[in-house]
Amino acid sequence: MSGIDEIYSKLSKSISKEEFVEKVNEKVEQMGGLCDEKTAAMLVAHDLGLNETGSSSQKIVDIKSDSGNVNLIAKVLSVFPIREFTRGDGTFGKVGNLLVADETGSIRITLWDDKADLINQGFIEISQNLQISGYVKEGYSGVEVNVGNNGMIAHTDEDIQVKNSSVKISEIKDGMGNINVIGRLLDISDTRTFNKKDGSKGRVGNITIGDDTGKIRITLWDDKTDKMTELHPGDAVEVINGYARENNFNQQVEIQIGNHGIVKKTETSVKYQENFTPISDIVPGESYSIQGSVSGLGEIREFNRDDGTVNMVSNIYVSDDTGRIRVAMWADHALLVDELDIDTPIQIIDAYAKSGFNEDIELSAGNRTRIIINP
DNA sequence: CCCCCCCC
């Protein structure tokens, strides 16, 4: 082993002796015994992106598509679920992705097979600091670092300052963590209480924010719901360290604010423009916002739901240049008919479209819908 | 981890 000791001495900051020796032995085997240990050690160092002067870590901003093998130290911002696939030769493969960042930027990491398994094994989690060795490739969404058999993922104690940049709402995808975003507060829900699995009471509430790229629902849990009483529609709101999840309710991606997340008022100015859909473009199965004027008014009706509770509904019609649609206004919204006349300008924001009475398309204005009269 | 899409 003396041949490899000399090489290892320059890499000792980046990899344990044990792991290095293991990789050297694997390399010798891979080469069918055609190279000696020292050569194998040099190849392993090369695979790991560690050159022999021992200067190891590359900054993310410097990683380019032709960087070859690289070694970087970065913080995990997001962990994406593993996918399994079948290769052309019939064997199974696994692939997983991370988003990591250092003080110079962020980059996507693609993990293959055993390395992808590290995600499921809980070895890789959001906010961890990792040392990563892999090879750079131009991926689907830009330059990424691939970590396969010859690569390495290790925990590191090194302190990493992450470039703290906020994202636009349209960039937020399922699975993202450490999300910082600024938006205009559009809507605040009531706080609901519910029973947790362990029998204790939980609290949950929602706000909706928008920026110039879209809008997104934010879910606040437990103590974080207290913050909602301090916020008002129109406020500029900053989210720090949220995480994105697709809800299992209507498959929309939302920002979750857990223990480590923050929501607060900020003085930044935020542009938001509601995106209204022409009435003739509405198809069932999605939420829409429309703007037009009242062209029909119904009565408030009370009814009993299957579970015995009483609810009320009123129906109105709204017209724009392209068409006319029925809008069912549920619960408190039903009372608005008393404030409406024919031709009253109105905006119905975030109402669900479905096929209703007589198979006509109608909008359902429930408790996630905002209705603005005389906007 | 929780939730309207219900009426005639």
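Before you start: residues count from 1 along each chain as its sequence is written, and chains are lettered from A and ligands numbered from 1 in the order in which they are written. In this predicted model local features need pLDDT of at least 70, side-chain atom pairs count only at pLDDT 80 or more, and totals for chains, interfaces and linings use all residues, while side-chain values use heavy atoms, with hydrogens and water left out.

**Exercise 1. Find where confidence in chain A is lowest and where it is highest.**

Step 1: get the overall score. pLDDT is the predictor's confidence in each residue, from 0 to 100. Chain A averages 89, and 95% of its residues score at least 70.

Step 2: go element by element. Helices (H or I, at least four residues) and strands (E, at least two) are DSSP runs, numbered from the N terminus.

Step 3: keep a caution in mind.

**Exercise 2. Work out what surrounds DNA strand B.**

Step 1: list the neighbours. A residue is near the strand if one of its heavy atoms lies within 4 Å of it. That gives 28 residues, with Arg-192, Arg-326, Tyr-352, Gly-366 and Arg-368 the closest.

Step 2: see who supplies them. β8 (192–195), β10 (214–221), β12 (253–257), β14 (287–304), β15 (310–320), β16 and β17 (345–355) each give at least two residues to this surface.

Step 3: sort by class. Ala, Val, Leu, Ile, Met, Phe, Trp, Tyr, Cys and Pro count as nonpolar, Asp, Glu, Lys and Arg as charged, and the others, Gly among them, as polar. The surface splits into ten nonpolar, eight polar and ten charged residues.

Step 4: look at the DNA side.

Step 5: check individual base contacts. Arg-326 has a polar side-chain atom 2.4 Å from a base nitrogen, and Glu-254 has one 3.5 Å from a base nitrogen. For Arg-301, a side-chain N or O atom is 2.7 Å from a base oxygen.

**Exercise 3. Identify the partners of strand β1 (residues 69–86).**

Step 1: apply the rule. Two strands pair if DSSP finds at least two bridges between them.

Step 2: take β4 (residues 129–139). β1 pairs with β4 in the antiparallel sense over seven bridges, and Asn-69 has Tyr-135 of β4 as its bridge partner.

Step 3: take β2 (residues 92–102). Nine bridges join β1 and β2, which also run antiparallel, and Val-76 stands opposite Val-100 in β2.

Step 4: inspect the turn. The β1–β2 hairpin has five residues between the strands, and Gly-90 takes a positive phi near 90 degrees there.

**Exercise 4. Describe the lining of the largest cavity.**

Step 1: define the space. On a 1 Å grid over the protein atoms alone, a cavity is a set of points where a 1.4 Å probe fits but cannot get out, and lining residues have an atom within 4 Å of a point.

Step 2: size it. The largest cavity holds about 40 Å³ of space.

Step 3: name the lining. Lys-23, Glu-26, Lys-27, Gln-30, Val-44, Asp-47, Asn-149 and Asn-150 line this cavity. α2 (17–30) and α3 (37–47) are the elements that give two or more residues, and α2 gives the most, with four.

Step 4: classify. The lining has one nonpolar, three polar and four charged residues.

Conventions: A polar contact is a pair of N or O atoms within 3.5 Å; within protein, one must be able to donate a hydrogen and the other to accept it, and residues adjacent in sequence count only if both atoms are side-chain atoms. On a 1 Å grid over the protein atoms alone, a cavity is a set of points where a 1.4 Å probe fits but cannot get out, and a pocket is an open set with protein on both sides within 12 Å along at least five of seven lines; lining residues have an atom within 4 Å of a point. Grid points are joined across faces, edges and corners, and a volume is the space filled by probe spheres set on the points.
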